[in-house]
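Please look at the sequence and the model first.

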Amino acid sequence: MREDDVLADPADARLAARLAELRAERGWSLGELAERSGVSRSSLSRAERAETSPTAAVLNRLCAVYGRTMSRLLSEVEAEPALLVRAAEQPVWEDRPAGFVRRSVSPPHAGLRGELVEGRLAAGADIAYDRPPVPGLEQHVWLLEGALEITAQDVQHRLAAGDCLRMRVWGPTRFRCPGPEAARYALAVVLP
C-alpha cells in the first residue's frame, strides 16, 4: 500500500471538511485564501482534501484569516456528538430562587448549530435576560403545559398550551409564567 492510499485520520478529515466549509462560507477561491493567509494554494488544497495535516503555523495563519482561535477551530471538529442522549444523561440546571429549571435535552456541540431545551417556570416566575448569548439567535418556544408570557423586541406574546413562538433574539427578552400552574416548554435554539 502506498502512502497516498492510507485513509485520513477521522479528526484530520473533519478538520479538512471544516476548513473547506469556512472558505466556502466566505465565497473565496483557493487563490484568494492563499493571498489572505500567505499559505500556498497547493498546501491549502491538500489540507482541505485531508491529503496532509496542516502544521500549527498553517493553522495559526488560517485561524487569523477566519477570525477564530485555534482552540475554537479545533473544538468545531471534535468527534461527532452522541446520536442518542438518554434522559439520565441530560444535564439539569436549576435556579430555585427564580423558580426555573432547565434541562438540556440535546446539549450543544461544536459541530452542530442547534440544541433542544426543556424549560419549567413555576407559577409567578419572571426571568429577564438583558441580551442573547449570541446576537441573532434563533429560538422556537413550544409551550407544552400552562401559560407563558414572552417579551421580545418590546412586544409581549401570550402563549397557551400548544402555541409556538418563533423569533430571532437581538436584545432583551423576558419569560413570565402568570400561573396559576407552572409552565413547561420546549425551546429549540439555533445559532445564526
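In this predicted model, leucine 148 has contacts well beyond its sequence neighbours within four places: Leu121, Val141, Leu143, His157, Arg158, Leu159, Phe175, Arg176, Cys177, Pro178, Ala183 and Tyr185.

Leu148 is also among the residues with the most contacts inside the largest nonpolar core, which has 21 residues. Strands E3, E5, E6, E8 and E10 each supply at least two residues of this core, and E10 gives the most, with four residues. A second, separate core of 15 residues includes Trp28, Leu33, Leu62 and Leu73. In soluble globular proteins, nonpolar side chains tend to be buried together.

An open sheet is formed by six strands in the order E1-E2-E3-E10-E5-E8, with antiparallel pairing. Strands E1 and E8 are its edges, each pairing on one side only. On average, neighbouring strands of the sheet are turned by 20° against each other, direction ignored. E5 and E10 pair over seven bridges, and glutamine 139 stands opposite valine 189 in E10.

| Strand | Residues |
|---|---|
| E2 | 100-106 |
| E5 | 137-145 |
| E10 | 183-190 |
| E8 | 164-169 |

Is phenylalanine 100 buried or exposed? Phenylalanine 100, in strand E2, counts as buried because its relative accessible area is 7%, and the cut-off is under 20%. Leaving out residues up to four places away in sequence, Phe100 touches Trp93, Glu94, Asp95, Gly119, Arg120, Leu121, Ile127, Tyr129 and Tyr185.

How values were computed. Residues numbered from 1 in each chain as written. Predicted model: local features only at pLDDT ≥ 70, side-chain atom pairs only at ≥ 80, totals over all residues. Heavy atoms only, no water. Pairing = 2+ DSSP bridges. Axes fitted to C-alpha atoms, helices over the stretch in contact; angles between N-to-C directions. Buried < 20%, exposed > 50% of the residue type's maximum accessible area, 1.4 Å probe, protein only. Contact = heavy atoms within 4.5 Å. Core = buried A, V, L, I, M, F, W, Y, C linked by side-chain atoms within 4.5 Å.
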